[in-house]
Amino acid sequence: MVRVHRDDTRTDRSRSNGEAETVAVATLQALGTRITEGQPEDVAEQLLDELAGVFSMETKQATDLTAQEFLERVENEEQDAGIEGDAEEHVGAVLSTFEETIDTSEWQSVRSQLPDEYDGPLR
């Protein structure tokens with residue numbers, strides 16, 4: 001798991017902090033482009049400052065990304081950073097922590113904007 005919340009003390013001990021941050025940033029950037037205007041800012045208020053800025057700086061209009069395109073964005077960032085492993089597993093870890101971190105109603109709002117094909121990467 002990757003630490004994404006101000007009060008969350010969990011860290012992924014199998015990756016360096018830099019790798020974990022790269023995965024978290026890439027995942028939140030991709031998610032930030034996928035959800036509608038206003039939503040990223042609402043969610044960003046519940047994240048660490050470093051991640052809140054990344055999440056809320058994305059486009060104002062949602063971009064249609066298939067689950068595969070979402071994973072490819074994260075995978076490309078990981079490859080550029082020299083991170084090995086399964087991007088889907090990494091995304092799942094970040095999003096699992098993300099889900100636990102933000103308010104249930106915010107998560108449900110985010111999730112409702114994603115098509116069913118996202119069920120794999122989200123679990």
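The structure holds 2 aromatic pairs, where rings of Phe, Tyr and Trp (its six-membered ring) pair if their centres lie within 6.5 Å. Select Phe70 and Tyr118 to see one of them: the centres are 5.6 Å apart and the planes stand at 75 degrees, which is edge-to-face. That label is given to planes over 60 degrees apart, while planes under 30 degrees apart count as stacked and the rest as tilted. Phe70 belongs to helix H4 (residues 67-80) and Tyr118 to the loop between helix H6 (104-112) and helix H7 (119-122), so the pair ties together parts 48 residues apart in sequence. Both Phe70 and Tyr118 are buried; buried means under 20% relative accessible area, exposed over 50%, and partly exposed in between (1.4 Å probe, protein chains only).

Next, select Phe98 and Trp107. Their ring centres lie 6.0 Å apart with planes at 75 degrees, so this pair is edge-to-face. Phe98 is buried at a relative accessible area of 0%, and Trp107 counts as buried at 6%.

A note on the model before going on. This is a predicted model, in which local features need pLDDT of at least 70 and side-chain atom pairs count only at pLDDT 80 or more, whereas totals for chains, interfaces and linings use all residues. Residues are numbered from 1 along each chain as its sequence is written, and side-chain values use heavy atoms, with hydrogens and water left out.

Now show the whole chain as a cartoon. The protein has 7 helices and 0 strands, in the order α-α-α-α-α-α-α from the N terminus. Helices (H or I, at least four residues) and strands (E, at least two) are DSSP runs, numbered from the N terminus. Of the 123 residues, 47% are buried. Contact means heavy atoms within 4.5 Å; among contacts between residues at least 6 apart in sequence, 72% join residues at least 24 apart.

Select helix H1 (residues 17-34) together with H4. Their axes come within 9 Å and cross at roughly 150 degrees; axes are lines fitted to C-alpha atoms, for helices over the stretch in contact, and angles run from 0 to 180 degrees between N-to-C directions. H1 and H4 are therefore roughly antiparallel (angles over 145 degrees; under 35 count as roughly parallel, 65 to 115 as roughly perpendicular and the rest as oblique). To inspect the contact, display Thr22, Val23, Ala26, Thr27, Ala30, Leu31 and Thr33 of H1 with Phe70, Arg73, Val74, Glu77 and Glu78 of H4.

Phe70, Leu71, Val74, Glu75 and Glu78 of H4 meet Ala87, Glu88, His90 and Val91 of H5.

Last stop: Gln113, in the loop between H6 and H7. Is Gln113 buried or exposed? Gln113 counts as buried, at 19% relative accessibility. Leaving aside neighbours within four places in sequence, Gln113 is in contact with Arg34, Ile35, Thr36 and Gln39.
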